[in-house]
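Work through the following exercises with the sequence and the model side by side. Each task is followed by a solution that goes step by step.

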Amino acid sequence: MNATPTPRGLTRRALHCGIASLALATTAAWAQTYPNKPIRMVVPFAPGGATDVLARVLGEKMAAGLGQPVIIDNKPGAAGIIGTDAVAKAPADGYTIVLSLSNSLLTNQFLYEKLPYDTKRDLTLVYQIATAPLVLVVHPSVPANTGPELLKYVVANKGKVAYGSYGVGAYPHLAGAHMSLTQKAEMNHIAYKGESPMLQDLIGGQIQMAFASALVAKPHIEAGKLKAIGVSGERRMATLPNVPTLAEQGRLKDEAYRVTGWLAIAMPAGTPKPIVQRIADEVGKATRQPDVQARVAAMGFDLKESSPEAFNAVYKKESPIWEQLIKDSGAKLE
């Protein structure tokens with residue numbers, strides 16, 4: 001027999017319902033007036049780089065839809081940690097967002113012994129803008145034109161092949177370490193302070209191979225100074241349509257060659273869902289504009305249709321893959 005609720009129980013339940021209704025009403029009202037002042041988009045990298053360029057392109061388009069300026073705020077340093085941390089600690093009011101790479105939002109948590117923020121705890125994932133596949137290039141003297149031929153070469157030259165990267169723990173390091181480990185090739189990793197010096201040494205023959213961005217490598221490929229072996233990710237690059245993916249070449253189907261870095265938007269944890277969705281919608285509208293699509297394709301990025309739910313699903317799927325790659329590479333930073 002069901003017990004009849006006591007008046008005290010009814011009062012408590014009504015109070016809880018009233019508080020919940022008030023919170024929903026307040027959030028809804030807040031979302032309706034949002035935004036009523038400029039929005040700050042933090043880019044945790046220096047001006048002039050690909051991430052900064054993309055932020056400025058999107059910021060201009062988003063400002064038109066939001067009816068408020070989107071101010072780009074560059075906060076470079078520590079592999080994106082400084083700028084990302086600033087957003088993680090900002091008020092969750094929708095007026096501070098970060099446009100960053102997968103390193104500061106995902107891989108740094110496995111690479112650094114201490115991080116001042118926890119992405120899953122301190123940030124809300126909003127929109128995965130684009131993936132950033134890289135092209136595997138070799139010096140012309142390397143007698144390989146395909147992925148399988150390159151694997152045979154590094155095995156035949158055990159301990160003699162050097163590959164470059166633009167930082168410990170970056171994808172070029174992790175993918176090269178994976179190739180060396182799986183082929184038992186004992187390749188030598190050379191870390192540079194940027195992509196340009198890495199490619200200069202590759203062109204000069206000081207190293208034999210490297211993963212690089214299409215934006216920087218394409219002119220050297222077209223000039224015959226570098227050979228393109230294949231691209232990472234699941235699809236060919238629009239800017240290098242004749243270069244096959246590594247995965248489609250037979251022996252390089254490992255997840256290490258199929259994952260890519262990405263560019264994405266995040267906001268402080270606790271930002272009201274209607275505001276998160278509003279930003280996601282505006283980013284989506286901006287990336288569907290033909291001039292934006294052309295600009296992004298020329299940079300070698302692959303635009304995504306995304307949402308907070310889709311981005312969270314990708315994040316959950318890729319996290320263990322990146323964690324294992326970093327573990328296998330032995331990379332660790334303080």
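The model is predicted, so local features need pLDDT of at least 70 and side-chain atom pairs count only at pLDDT 80 or more, while totals for chains, interfaces and linings use all residues. Residues are numbered from 1 along each chain as its sequence is written, and side-chain values use heavy atoms, with hydrogens and water left out.

**Exercise 1.** Find the order of the strands in the open sheet, and name its edge strands.

Solution. Strands here are DSSP runs of E with at least two residues, helices are runs of H or I with at least four, and both are numbered from the N terminus. Two strands pair if DSSP finds at least two bridges between them. On this basis 5 strands form the open sheet in the order β7-β6-β8-β5-β9, with mixed pairing. The edges are β7 (188-191) and β9 (227-231), each of which pairs on one side only.

Next, take the pairs one by one. Strand β5 (residues 135-138) runs antiparallel to β9, with 4 bridges between them, and Val 138 has Lys 227 of β9 as its bridge partner. β5 is also antiparallel to β8, again through 4 bridges, and there Leu 136 is partnered by Phe 211. β6 and β8, in contrast, pair in the parallel sense over 2 bridges.

**Exercise 2.** Are the residues on the two faces of β8 buried or exposed?

Solution. Buried means under 20% relative accessible area, exposed over 50%, and partly exposed in between, with a 1.4 Å probe and protein chains only. In a regular strand the side chains alternate between the two faces of the sheet. In β8, Met 209 and Phe 211 lie on one side and Ala 210 and Ala 212 on the other, and all are buried.

**Exercise 3.** Which residues of the largest nonpolar core touch the most other members?

Solution. A nonpolar core is a set of buried Ala, Val, Leu, Ile, Met, Phe, Trp, Tyr and Cys residues joined through side-chain atoms within 4.5 Å. Of the 49 residues in the largest one, these are Leu 150, Met 179 and Met 209. The largest share of this core, 6 residues, is supplied by α13. Leaving aside neighbours within four places in sequence, Leu 150 is in contact (heavy atoms within 4.5 Å) with residues including Leu 136, Val 138 and Ile 229. A second, separate core has 35 residues, among them Met 41 and Leu 99.
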